[in-house]
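Please look over the sequence and the model shown here, and then follow the account below from the whole chain down to individual side chains.

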Amino acid sequence: MEAIINYISVNQQEFYIFILAVFVGIEVISKVPTVLHTPLMSGSNALSGVVIVGSIIVLGKTDPANYLALTLGFLAVLLATLNVVGGFAVTNRMLEMFKKKPGKK
């Protein structure tokens, strides 16, 4: 616990920026209309793709003895991949709604 308090006191400005970013993010997301959630998911897919590429590059340059960095990098790749796959599934399902059914006019 002492290490956490020491880290926060040393990086106090970054900690305040993080807390402010969380509140701003929650406020922005809560104001998004439901109709825009799927297009935003597509944009999120692009960002997750960048995260996948970046985390693979970082993993490639990580010291093999640094297990914490390897674990966090692996989790970043895994979670970003899940986000991309889920986003594409949701986007594909949404696009299926706009296709005309065969036999109906």
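**From the chain to its side chains**

The chain exposes about 8900 Å², of which carbon and sulfur atoms supply 73%; accessible areas come from the Shrake-Rupley method with a 1.4 Å probe, and for residues only the protein chains shown count as cover. This is a predicted model, in which local features need pLDDT of at least 70 and side-chain atom pairs count only at pLDDT 80 or more, whereas totals for chains, interfaces and linings use all residues. Residues are numbered from 1 along each chain as its sequence is written, and side-chain values use heavy atoms, with hydrogens and water left out.

Four helices and zero strands make up the chain's secondary structure elements, and their order along the sequence is α-α-α-α; helices (H or I, at least four residues) and strands (E, at least two) are DSSP runs, numbered from the N terminus. Of the 105 residues, 12% count as buried, where buried means under 20% relative accessible area, exposed over 50%, and partly exposed in between (1.4 Å probe, protein chains only). Among contacts (heavy atoms within 4.5 Å) between residues at least 6 apart in sequence, 59% join residues at least 24 apart.

According to the unreviewed UniProt entry, the annotation "transmembrane region" covers residues 15-32, 44-61 and 67-91; UniProt positions are given in the numbering used here, feature names are shortened, and such annotations may be inferred rather than shown by experiment. In the model, the span 44-61 is 100% helix and 0% strand, with its end C-alpha atoms 26 Å apart. The span 67-91 is likewise 100% helix and 0% strand, and its end C-alpha atoms are 36 Å apart.

Ser55 lies in helix α3, and it is buried, with a relative accessible area of 9%. A polar atom of the Ser55 side chain lies 2.8 Å from the backbone oxygen of Val51, and a polar atom of that side chain is also found 3.1 Å from the backbone oxygen of Ile52; a polar contact is a pair of N or O atoms within 3.5 Å, where, within protein, one must be able to donate a hydrogen and the other to accept it, and residues adjacent in sequence count only if both atoms are side-chain atoms. Leaving aside neighbours within four places in sequence, Ser55 is in contact with Gly73, Ala76 and Val77.

Gly73, in turn, has its place in helix α4 and is buried, with a relative accessible area of 10%. With residues up to four places away in sequence not counted, Gly73 touches Ser55 and Leu59. The C-alpha atoms of Gly73 and Ile52, which are 21 residues apart along the chain, are separated by 9.4 Å.

Which residues does Thr62 contact, leaving aside its neighbours within four places in sequence? They are Ala69 and Leu70. Thr62 itself is found in the loop between α3 (37-61) and α4 (67-97), and it is buried, at a relative accessible area of 16%. A polar atom of the Thr62 side chain lies 2.6 Å from the backbone oxygen of Val58.

Elsewhere, Ile19 lies in helix α2 (residues 12-30) and counts as partly exposed, at 31% relative accessibility.
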